[in-house]
Amino acid sequence: MSYWFKKVQKPIIGLAPMHQVSRADLRKKCIKFGADVTYSEMVAAEAVIRNVPQAFEMMKFSKLERPFVIQIFGSNPDSMAKAAEIIETQFKPDGIDINFGCPVQKAEKQGFGACQLQDAKTAGKIVAAVSSVLKNTPLSAKIRIPSKDIKQSLNFVNEIYQNGIKMIAIHGRYPEQKYRGLSDWTFAYEVKKRFPDLIVLGNGDIHSLDDLKNKLDNLDGALIGRAAKVKPEIFKSLSQIKK
Ligand SMILES: Cc1cc2nc3c(=O)[nH]c(=O)nc-3n(C[C@H](O)[C@H](O)[C@H](O)COP(=O)(O)O)c2cc1C
C-alpha cells in the first residue's frame with residue numbers, strides 16, 4: 001500500500017480538524033500555502049450510516065484539498081466500521097481518522113471523543129472494527145493526553161496501535177483542561193520513542209515557525225488549528241522548516 005504520508009517530505013505540517021472551520025475554502029487555502037495534509041471537520045458515524053445529507057456535504061472534497069483525511073466519531077464499533085466502509089468506497093479520501101479528543105459535554109453524554117480515552121479496551125475495539133473493513137486507506141487517530149498517569153496514557157496508545165492505527169495526532173492537553181493552559185508536547189515525544197514505527201504528529205499552540213522549531217523534537221510533524229483558521233498563509237512560513 002502506498003500511503004500519502006510516505007510520499008511527503010518530513011516534517012508533515014497539516015491543517016487540524018476543526019468543527020465548522022476546516023471546510024473546503026480553508027483547506028484549499030492551506031494547501032495552496034504549503035500544508036502537507038488537511039482534515040475534514042468531525043463527522044458522526046451514525047449520520048453517515050443514516051445517509052444524513054449534511055454529513056455527506058462535510059465529506060466532499062476536490063483534489064485541491066489533498067491529501068485529505070476524513071475524521072469520524074462515534075461510540076459503537078459496528079457503526080464506526082460501517083461508516084468507514086461507506087466513506088472509503090464513496091469518497092476515497094487519503095486517510096480516515098478517529099476522533100478520541102473532543103472534550104465537549106455533548107460528546108461526553110453520547111460517549112464519544114475525549115471520554116473514550118478512559119476506556120482503552122473499547123477504543124481498541126473501535127479501531128479494530130474500522131481497521132478490518134478498510135482496504136486501501138490508512139487509519140489514524142487524534143487524541144488528547146489520556147491521563148496524568150503515563151502508564152495508563154501509553155497503554156491507550158498501545159491498544160489503538162496494536163489494533164491498526166498508522167498515525168496519531170496528539171493535542172497536548174488533558175480533556176478536563178479544555179483550552180486552558182498550554183499544550184504540553186512531552187507525552188507526544190514519549191509516544192514516538194516507545195512506538196518508533198507510528199507516525200506521531202504534535203498539536204497545540206503553534207503560531208509561528210519558531211514555535212514549530214522549538215516544539216517538534218523527535219516528532220514526524222504537527223497539526224495546526226486556530227492559527228491556520230485566522231491565517232492560512234502561516235503554512236508558507238511553517239514549510240520553511242523543510243529547508
Ligand atoms: C473551533 C474548533 C473546532 C474544533 N473541532 C475539532 C474537530 O472537529 N475534531 C478534532 O479532532 N479536533 C477539533 N478541534 C481541536 C483542534 O483540532 C486542535 O486540536 C486544537 O485547536 C489545538 O490546536 P491549535 O492550538 O493549533 O488550535 C477544534 C478546535 C477548534 C478551535
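# Reading the predicted model

Q: Where does K92 lie?
A: K92 sits in the loop between α5 and β5. The model is a predicted one.

Q: Why does K92 count as exposed?
A: K92 has 12 C-beta neighbours inside 10 Å. A residue is exposed at 12 or fewer, so K92 counts as exposed.

Q: What makes the phi of K92 worth a look?
A: The phi of K92 is positive, about 50°, and K92 is not a glycine. Most residues other than glycine have a negative phi.

Q: Which value does phi take in N51, and where is N51?
A: Phi of N51 is near 60°, again a positive value in a residue other than glycine. N51 is in the loop between α3 (45-49) and α4.

Q: Why is N51 called exposed?
A: N51 has 9 other C-beta atoms within 10 Å. The limit for exposed is 12 or fewer, so N51 is exposed.

Q: Why is S183 called partly exposed?
A: S183 has 19 other C-beta atoms within 10 Å. Buried needs 20 or more, and exposed needs 12 or fewer. S183 is in between, so it is partly exposed.

Q: What does S183 touch, and where is it found?
A: S183 is found in the loop between β7 (167-171) and α9 (186-194). Beyond four places in sequence, S183 touches H171, G172, R173, N203, G204 and D205. The C-alpha atoms of S183 and D205 are separated by 6.2 Å, although the two residues are 22 apart along the chain.

Q: What puts the buried residues of α7 on the same side?
A: The buried residues are A120, A123, G124, I126, V127, V130 and S131. They cover an arc of only 160° around the axis, which puts them on the same side of α7. Residues three or four places apart in an α-helix point the same way. The buried residues of α7 pack against α5 (77-91), β5 (95-100), β6 (139-144) and α8 (150-162).

Q: Which residues of α2 are buried, and what follows the helix?
A: In helix α2 (residues 24-32), R27, C30 and I31 are buried. Their arc is only 95° around the axis, which puts them on the same side of α2. They pack against β1 (12-15), β2 (37-39), α11 (226-230) and α12 (234-238). α2 is followed by G34, with a positive phi near 120°.

Q: Why is the chain called as compact as a globular protein of that length?
A: The chain has 12 helices and 9 strands. Its radius of gyration is 16 Å, close to the 18 Å that the globule rule gives for 243 residues, so the chain is as compact as a globular protein of that length. Of the 243 residues, 47% count as buried.

Q: What surrounds the ligand?
A: 21 residues surround the ligand, and the closest are A16, M18, M42, G225 and R226. The shell divides into 9 nonpolar, 8 polar and 4 charged residues.

Methods
Residues are numbered from 1 along each chain as its sequence is written. This is a predicted model: local features need pLDDT of at least 70, side-chain atom pairs count only at pLDDT 80 or more; totals for chains, interfaces and linings use all residues. A residue is near a molecule or strand if its C-beta atom, placed from the backbone, lies within 6 Å of it. Ala, Val, Leu, Ile, Met, Phe, Trp, Tyr, Cys and Pro count as nonpolar, Asp, Glu, Lys and Arg as charged, and the others, Gly among them, as polar. Helices (H or I, at least four residues) and strands (E, at least two) are DSSP runs, numbered from the N terminus. The arc is that of the directions from the helix axis to the C-beta atoms. Two residues are in contact if their C-beta atoms, placed from the backbone, lie within 7 Å. The radius of gyration is taken over C-alpha atoms; the globule rule is 2.2 Å times the number of residues to the power 0.38.
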